[in-house]
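Work through the exercises below with the structure at hand. Each task is followed by a solution in steps.

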Amino acid sequence: MGVLTDPKPRVKPRNAAGGQAHPSGDPRFKLIDRTLKRFSYQQDALIEVLHTAQEAFGFLEDDLLVYVAHQLKLPLSWVYGVATFYHFFSLAPQGEHSCIICMGTACYVKRAAEIVSALQAEFGVEAGNTTADGKLSLNTARCLGSCGLAPVLVMDGDVVARQTPEEALARVRELLLGAARTPEAMSELTPLSATEA
Amino acid sequence: MNRADLAAMAQREQDRQDAFRCRVLCCASTPCLSSGGTAVREAIEKAIKDGDLDADVQVVSTGCMGPCSRGPVVTLKMRGAEDVVYEQVTPEAATRIIQEHVAKNEPVKEFVFPNDAPFFAKQHKVVLANSGQIDPESLEDYVARGGYTALAHVLREMKPDEVCESITRSGLRGRGGAGYPTGIKWDLVRKSQSDKKYVVANGDEGDPGAYMDRSLMESDPHRILEGMAIAGYAVGAEQGFIYVRGEYPVAAKRLERAIRAAERRGLLGSRMVDSQFNFRIDIRIGAGAFVCGEETALMASIMGKRGQPVPRPPYPSQSGLWGKPTLINNVETFGSIAPIILNKAEWFAAIGTDKSKGTKIFALAGDVNTTGLIEVPMGITLREIVYDIGGGIPDDRAFKAVQTGGPSGGCIPAQYLDTPVDYESLRALGSIVGSGGLIIMDERSCMVDVAKFFLDFCADESCGKCAPCRVGTVQIYKLLDKITRGAATLADLETLRELCVMVQETSLCGLGQNAPNPVVSTLRYFYDEYEAHIRKHKCAAGVCALNEKPMSPAVVAPPRPKRKVARLDELEAV
Ligand SMILES: Cc1cc2nc3c(=O)[nH]c(=O)nc-3n(C[C@H](O)[C@H](O)[C@H](O)COP(=O)(O)O)c2cc1C
Ligand code: FES
């Protein structure tokens with residue numbers, strides 16, 4: 001346990017908050033600062049902060065982990081350890097489009113594995129990776145909680161139900177031809193926690 | 001807000017709803033939305049506008065109504081008439097429902113899902129009573145259906161020990177998997193001496209193929225908050241946490257809103273419901289790790305650490321979050337609390353079997369005609385669930401097995417279809433009730449492949465802390481893989497059995513201790529299939545490739561001498 005046993009709010013580190021933004025001036029760091037403040041810079045809030053960081057930046061680059069470690073006064077190794085433990089956090093950039101294939105039990109029984117093979121073959125990328133041109137990230141998930149609709153895919157955030165390998169292929173092709181998400185559009189996305197406030 | 005205010009609020013909302021001649025409830029949960037629910041709702045609203053029915057008809061977005069594979073589902077509540085459920089509603093059908101049923105009182109028969117269909121008739125809704133009936137984002141709607149009266153009653157009329165005693169008498173057992181008696185757990189935490197205590201709701205729901213908790217959190221969030229607040233009062237805690245799985249952002253959002261709404265009305269927070277009691281609830285979002293469903297790992301995760309379990313004892317009831325006594329229950333367990341308080345423990349105890357009381361929510365999925373969320377009395381048979389509620393297997397194929405309990409459970413074959421579903425009966429069959437996923441499999445599923453699927457899952461999700469789980473699950477997986485490739489010998493089956501026992505007996509937490517269960521149960525009921533893969537190179541379901549051959553006997557090492565538990569250092573070297 002050691003360093004993390006105290007639930008009481010900690011005194012803010014001198015160099016943090018107080019209007020001192022990240023030197024890059026990137027406005028997305030403000031979102032992280034907001035979460036840091038909401039949790040009074042408690043070290044226990046590490047996972048919440050990483051959630052915000054990933055929502056704002058899309059993935060957790062090294063600089064971001066350093067920033068979070070610094071703000072929470074945690075060793076970088078600790079932050080890295082937590083970020084790599086959880087599947088949700090990604091340390092590499094994601095493709096422009098994403099396709100997640102559910103490989104939970106219900107979907108597996110309904111032959112989701114065939115969909116995975118079909119997509120892997122068609123787009124030349126292993127599940128868990130992004131195509132060389134950075135267009136498509138192919139991932140598998142462990143149950144998306146829509147088991148009644150198996151097999152389930154999530155394409156750019158939309159749940160699509162009861163897919164055959166052929167239908168899935170057609171949909172992903174369509175997705176790649178459709179409007180590309182621009183970086184500007186990405187940064188306009190506000191994280192859930194911020195919109196709720 | 002006090003009890004009179006609560007009653008007044010309920011009355012106001014009830015009057016408001018009664019003023020409409022008709023209420024149209026549209027299921028707005030993920031399954032229905034992804035089968036076209038949004039277009040249906042738009043069509044309904046347009047038809048209402050076109051027919052000038054605005055003052056007469058109210059449209060409400062609700063949570064899950066149950067028959068997910070038959071979505072989009074719409075329920076029509078006409079004043080003075082029984083509810084009518086419509087299934088597989090298209091936008092055209094939706095327009096007709098408004099024009100014919102609402103305007104002229106002529107139901108659109110083709111789309112009606114009859115109320116007396118076994119899907120509904122065999123269910124008993126206690127925890128899901130409000131799901132699909134109320135707007136999950138409306139506190140008033142929950143209050144109008146009796147919400148928060150159990151909490152108000154407890155705070156005013158009952159002492160903490162009476163609450164624990166009442167829950168014990170109800171016979172409620174934990175719905176998160178292990179089935180530990182809830183009242184006893186509460187009493188343990190109540191008796192622990194400490195300046196601070198915590199209540200945690202486990203909404204991590206990591207079992208693949210299960211989505212009861214997600215649906216409950218999304219469809220009726222206040223019920224969970226009320227249950228937690230009652231628990232807080234009973235055990236003497238002022239702070240609660242709900243740990244929501246990272247894959248469920250909608251559930252987290254709804255709970256967050258519900259907490260804010262309840263706090264604003266003084267139903268949560270300090271001196272709530274005009275009492276001396278304070279209770280706050282915060283949400284923590286998981287980050288995708290199955291092991292975080294395990295209670296000690298979950299608490300580590302709430303404290304911002306890697307979700308790795310620690311050995312028990314000490315149990316969380318003595319030393320949990322930040323070393324303080326902590327009550328941890330599944331969200332469905334908390335969902336059962338308010339009805340028990342309102343209807344009395346004896347009422348709950350009268351439902352179900354001798355040792356398993358009350359109702360249980362199951363997620364019915366796989367090769368079955370109607371998939372969805374069901375709540376049934378404990379003790380119902382598997383056959384009733386599969387053939388009556390689920391409507392049987394598609395295309396009249398043969399039922400092969402039902403998988404219960406997720407990666408910690410097992411597969412139950414056809415000859416046990418008449419087994420009552422309760423904690424003890426399923427355990428006797430080598431499976432568990434678990435959190436409530438029921439995956440039906442027909443003859444096209446290969447049992448070796450299914451076992452391999454779960455071991456792949458467990459090997460991947462093992463947190464890596466203890467060697468039996470970290471190494472053992474991988475080795476079991478490799479052996480199963482060898483069988484499905486056709487490269488295994490019968491000696492491998494022996495090794496497989498030995499390894500399973502070793503991993504079960506020596507792992508640190510429930511993940512490893514239960515990981516071999518899918519293999520053990522399929523070996524028990526489907527040994528023939530394993531043998532056919534090895535001896536005849538045949539996979540009856542046609543799933544496995546079987547495109548390799550065992551190495552020649554000269555190359556294969558002689559089988560290791562039998563011993564009950566293999567030594568770890570040897571296993572690491574395999
Ligand atoms: C590997 C593993 C995963 C678990 N996952 C969950 C889960 O997803 N949800 C849950 O409520 N309990 C889960 N549990 C059980 C919890 O440890 C704990 O027993 C439960 O939350 C207690 O609540 P209950 O008494 O209401 O069942 C899991 C246990 C293990 C060993
Ligand atoms: S198994 Fe795919 S959604 Fe649950």
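**Exercise 1: a helix of chain B**

H3(B) is followed by B:Asn105, whose phi is positive, near 60°. The model is predicted: local features need pLDDT of at least 70, side-chain atom pairs count only at pLDDT 80 or more, and totals for chains, interfaces and linings use all residues. Residues are numbered from 1 along each chain as its sequence is written, and chains are lettered from A and ligands numbered from 1 in the order in which they are written.

Solution. Helices (H or I, at least four residues) and strands (E, at least two) are DSSP runs, numbered from the N terminus.

Last, burial: a residue is buried if 20 or more other C-beta atoms, placed from the backbone, lie within 10 Å of its own, exposed if 12 or fewer, and partly exposed in between. In H3(B) the buried residues are B:Ala94, B:Arg96, B:Ile97, B:Ile98, B:His101 and B:Val102. Contact here means C-beta atoms, placed from the backbone, within 7 Å.

**Exercise 2: a sheet of chain B**

Task: give the strand order of the open sheet of four strands and find its edges.

Solution. Two strands pair if DSSP finds at least two bridges between them. The order is S8-S7-S6-S9 (chain B), with parallel pairing. Strand S8 (280–285) and strand S9 (326–330) of chain B are the edges, each pairing on one side only. Five bridges join strand S6 (residues 198–203) of chain B to S9(B). Within S9(B), B:Asn329 stands opposite B:Ala201.

**Exercise 3: a residue of chain A**

Task: is A:Leu153 buried or exposed, and what does it contact?

Solution. A:Leu153 lies in strand S4 (residues 153–155) of chain A. A:Leu153 is buried because 25 other C-beta atoms lie within 10 Å. Leaving aside neighbours within four places in sequence, its contacts include A:Cys99, A:Val160 and A:Ala168.

Notes. Two residues are in contact if their C-beta atoms, placed from the backbone, lie within 7 Å.
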